[in-house]
Amino acid sequence: MRISVIGCGYLGAVHAAGMAELGHDVIGVDVDAEKIAALARAEAPFHEPGLPELLRAHRSRLLFTTDASAVRDARVHFIAVGTPQRSDSPAADTRFVDAAVEALLPHLAPGHLVVGKSTVPVGTAERLAARVRTTGARLVWNPEFLREGRAVDDTLHPDRLVYGIEAGDNESVALLDAVYEHPLTAGTPRLVTDLATAQLVKSAANAFLATKISFINAMAEVAEASGADVSQLADAIGLDARIGRAFLGAGLGFGGGCLPKDIRAFRARADELGVGDALAFLGEVDAINLRRRTRVVDVLERELGPLIGRRIAVLGLAFKPDSDDVRDSPALAVVQLLRERGAVVVATDPVAIETARRRDPLPIYVDTVEQALAGAEAVVLATEWAEYRQLDPAAAGSGVANRLVVDARNVLDVDAWRAAGWIVRGLGRAHAPSVEDPRAVESEAKRAAERQPDHV
Ligand code: UGA
């Protein structure tokens, strides 16, 4: 089938390539000429594992253009543009979605289908559906659940498909079923709902995931105050099938282009609908999440004293591994907070240095871990890239001025790092003495120094 994808960012570019992999002819449209030029050369404009391979494999089925009229031959049109946080409020800015639909209208006809994938405030799809109906075409809301870093697999093998339709629109269901024939044949569950429910499903899913992360980070705060270990706690409660271990990774918290802005937008929409109280807890979810960032800096200050002029290595800039996305990245926020307190920050990341530099050119960015560690008085593991998790603590210790590591993602083998003479501070871990108890910090530092006489 010939389809179009409007918006070729993290969502749209992967969706376009994924649809080509499913056998469709795809026209990808975006206003960003640079992005389109890269995609037209079969190059991914951002880091996403598996995407370059798909772009290259399906060159003949993929057309990328800035010319919106190129969609005229397509019958199904996916809307995959961004809905960022508004600059003047926590609500979502839906201007790009509206503009995409308006640009499509002249090319729509009866039998055509517009499929919304962007995350929108509930009520948006109903408004857009009314516009689309004026052409005789129909609109379906089909929220996207892909995760950056695993976006290709999530697109080709989704864990569910949700179609929000206008009452009785079985024709659109059949058309979308044809688009998704492969995953449906493979057994992907497909739920057909009304438009409002489909929009809410997406907001609710991201709100739940964010809440789960902030729940465990709240437990981390309590663990820090009581000497408990949040990772063991997560293992233990996670074994309850009703709770589950996924998304109970305590540490620096969530970031990226989705969860933070989506919980704020969801809350803002609930306020507009007069049910703000129902989602007031999302304000707390946001606050717990943001506190993790300052917590890292506080731990360092507790260990080192005032941070002015202290050299700190930060490993990781992306909001999560396998991505170069630094939007609302907790790692980049820590870099910035450290700099605000006067530290000399030397940061690195396997792929996100350029995106980080575009957002904040001021920190010192270096290409390798060795360069970052050279002379560092403390190390912060801020994004749990595999290569940082697997660092050899003895080798890592050779270049630093001081063997102190803050494992802000709770992923290091603490015993191995300690055996190599490191003081390891996690977040919410038993080995992270409470900031209220400086004696514990001192005695741990002393023990580590005794174990490793050459410890600086
Ligand atoms: C999220 C959702 O997981 C997707 O289902 C959704 O489609 C997407 O948003 C979206 O709305 O487009 P994504 O932003 O790619 O996907 O990232 P996640 O894997 O959800 O991670 C979000 C953040 O939570 C990261 O900063 C990660 O480090 C953090 N996280 C995750 C934790 O701090 N602890 C955990 O246990 C898990």
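Reader: Which residues are closest to the ligand?
Author: Happy to start there. This is a predicted model, in which local features need pLDDT of at least 70 and side-chain atom pairs count only at pLDDT 80 or more, while totals for chains, interfaces and linings use all residues. Residues are numbered from 1 along each chain as its sequence is written, and side-chain values use heavy atoms, with hydrogens and water left out. The ligand is surrounded by 21 residues (a heavy atom within 4 Å), and the closest are Leu 146, Glu 148, Asn 206, Gly 249 and Lys 320.

Reader: Which lysine side chain lies 2.8 Å from an oxygen atom of the ligand?
Author: Polar contacts here are pairs of N or O atoms within 3.5 Å. A backbone N or O atom of Leu 146 lies 2.7 Å from a ligand oxygen, and a polar side-chain atom of Lys 202 lies 2.9 Å from a ligand oxygen. The side chain with an N or O atom at 2.8 Å belongs to Lys 320.

Reader: How much of the ligand's accessible area does the protein cover?
Author: Accessible areas come from the Shrake-Rupley method with a 1.4 Å probe. On its own, the ligand has 720 Å² of accessible area, and the share that the protein covers is 89%.

Reader: Which helix supplies the largest share of the shell around the ligand?
Author: Helices are DSSP runs of H or I with at least four residues, strands are runs of E with at least two, and both are numbered from the N terminus. Helix H9 (195-226) and helix H11 (259-272) each supply at least two shell residues. The largest share, four residues, comes from H9.

Reader: What is the bridge partner of Val 115 in E6?
Author: Two strands pair if DSSP finds at least two bridges between them. E5 and strand E6 (residues 138-141) pair in the parallel sense over four bridges. Within E6, the partner of Val 115 is Val 140.

Reader: Which are the edge strands of the six-strand open sheet?
Author: The order is E11-E10-E9-E12-E13-E14, with parallel pairing. Two strands pair on one side only, namely E11 (364-365) and E14 (423-426).

Terms used. A polar contact is a pair of N or O atoms within 3.5 Å; within protein, one must be able to donate a hydrogen and the other to accept it, and residues adjacent in sequence count only if both atoms are side-chain atoms.
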